[in-house]
Amino acid sequence: MKSSKRANVINGWVVIDKAKNTTSSYVTARTKKILHAKKAGHAGTLDPLGTGVLPIALGEATKTISYVVDKFKHYKFTVRWGEERDSDDAEGAVINVSNERPCEEEIRSALCNFTGEIDQIPPRYSALKINGERAYKLARAGREFNLPSRKVLVKEFTLLDLPNANFAEFEVVCGKGTYIRSLTRDLGRKLGVFSHITQLRRIKCGPFFEKNAISLETLQALVHSAPPYTYLCKVESALDDIPALDLNAWQAGYLRQGRSIAVHDLVSANPIGTSLSVKGRVFCAKADGIPVAIVRILAGKIHVVRLLKL
């Protein structure tokens with residue numbers, strides 16, 4: 001039987017500290033249920049093995065998810081040398097073994113091969129689709145298939161510690177679509193020792209940090225004991241690196257109607273006026289400090305990309 005409680009109008013972000021052995025979809029659904037929100041979505045999927053920062057967008061914030069997904073993400077993780085597994089993590093079956101172990105100098109020397117824009121083949125156990133079917137379902141069924149390589153951006157790949165000969169700890173800053181499991185697999189192959197990931201934690205996702213993340217249990221408690229601002233981030237948190245564009249009432253009204261505004265009507269009123277001459281530039285248009293729309297400049301006019309109904 002469905003709950004009779006009506007959904008709340010909630011617009012903003014909740015930064016959840018995802019627990020191990022839970023899916024990103026489960027955490028999103030659970031957050032939505034706890035807050036009785038009408039709409040929710042997550043930015044940047046974390047594997048079930050992974051823990052840490054999982055930003056959940058609520059209401060109008062779902063329109064800004066892509067702006068978080070496109071930003072850099074920071075991970076800390078542990079690698080086990082000597083075994084390659086079919087899932088590229090500790091959950092899978094062992095498919096290759098080696099008695100060799102890399103030294104610190106060899107590891108540091110190899111990392112330069114995995115920074116910058118690189119070609120990467122995603123893990124077989126991933127949510128990517130092959131002819132309409134999820135790769136992990138095909139892998140579980142024992143079916144043969146190939147995943148094409150794709151370009152990903154790894155900004156930083158740092159060795160943090162070597163607790164013993166079998167394990168190493170790393171930190172990575174990477175762009176959209178990068179699989180840490182694949183980085184681990186390929187690093188082990190480059191070193192000739194094989195490897196898989198045993199622990200993975202995301203410490204930053206776009207503008208959202210580990211220090212601001214809370215567990216589902218904490219969210220459940222706060223909902224009943226604290227005001228929303230203690231756990232809810234503003235919709236525009238996802239747009240932290242997009243310049244703001246100040247509007248007056250009639251200009252905001254035009255945009256809310258889906259109409260465009262001439263650039264010359266805004267240049268003198270905005271401190272970033274000279275930036276308005278840049279074709280294709282994206283701004284967060286605001287009126288009285290409240291976001292109205294994400295807008296783009298085209299042909300001397302400011303057009304709505306996404307209208308924010310706040």
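A residue counts as buried when its relative accessible area is under 20% and as exposed when that area is over 50%. By this cut-off Asp 186, at 17% relative accessibility, is buried. The structure described here is a predicted model.

Asp 186 sits in helix α5. Its side chain makes a polar contact with the side chain of Arg 185, at 2.8 Å.

Thr 22 is found in the loop between β1 and α1. With a relative accessibility of 17%, Thr 22 also falls under the 20% limit and therefore counts as buried. A polar atom of the Thr 22 side chain lies 2.7 Å from the backbone oxygen of Ala 19. Leaving aside residues up to four places away in sequence, Thr 22 touches Val 27, Asp 47 and Pro 48.

**Helix α1**

Helix α1 covers residues 24-35, which is 12 residues. At 1.5 Å a residue the helix should span 16 Å, and the distance of 17 Å between its end C-alpha atoms agrees with this. The expected span is 1.5 Å times one less than the number of residues.

Which residues of α1 are buried? They are Ser 24, Val 27, Thr 28, Thr 31, Ile 34 and Leu 35. Seen down the axis of α1, these buried residues fall within an arc of 130°, so they line one face of the helix. Their packing partners are the strands β1 (12-18), β2 (40-42) and β3 (51-58), together with helix α6 (216-225). Val 27, one of the buried residues of α1, is also among the residues that Thr 22 touches. Just after α1, His 36 takes a positive phi of about 50°.

**Helix α3**

In helix α3, residues 104-111, the buried residues are Ile 107, Ala 110 and Leu 111. Viewed down the axis of α3, they fall within an arc of 105°, so these residues line one face of the helix. They pack against the strands β4 (73-81), β10 (150-164) and β11 (167-174), and against helix α5 (180-191). Helix α5 is also the element that holds Asp 186.

**The largest pocket**

The largest pocket has a volume of about 1100 Å³. How many residues line the largest pocket? The lining is made up of 37 residues, and those nearest the centre are Thr 45, Leu 46, Asp 47, Ala 127 and Arg 181. The elements that give two or more residues to this lining are α1, β4, α4 (135-140), α5 and β12 (195-205). Asp 47, listed among the residues nearest the pocket centre, is also touched by Thr 22.

Asp 88 and Ala 299 each have a positive phi without being glycine.

| Residue | Phi | Loop | Relative accessible area |
|---|---|---|---|
| Asp 88 | about 65° | between β5 (83-85) and β6 (94-97) | 3% |

Technical notes. Residues numbered from 1 in each chain as written. Predicted model: local features only at pLDDT ≥ 70, side-chain atom pairs only at ≥ 80, totals over all residues. Heavy atoms only, no water. Helix = DSSP H or I, 4+ residues; strand = E, 2+ residues; numbered from the N terminus. Buried < 20%, exposed > 50% of the residue type's maximum accessible area, 1.4 Å probe, protein only. Arc of directions from axis to C-beta. Contact = heavy atoms within 4.5 Å. Polar contact = N/O pair within 3.5 Å; in protein donor to acceptor, adjacent residues only side chain to side chain. 1 Å grid on protein atoms, 1.4 Å probe; cavity = no way out; pocket = protein on both sides within 12 Å on 5 of 7 lines; lining within 4 Å. Points joined across faces, edges and corners; volume = space filled by probe spheres on them.
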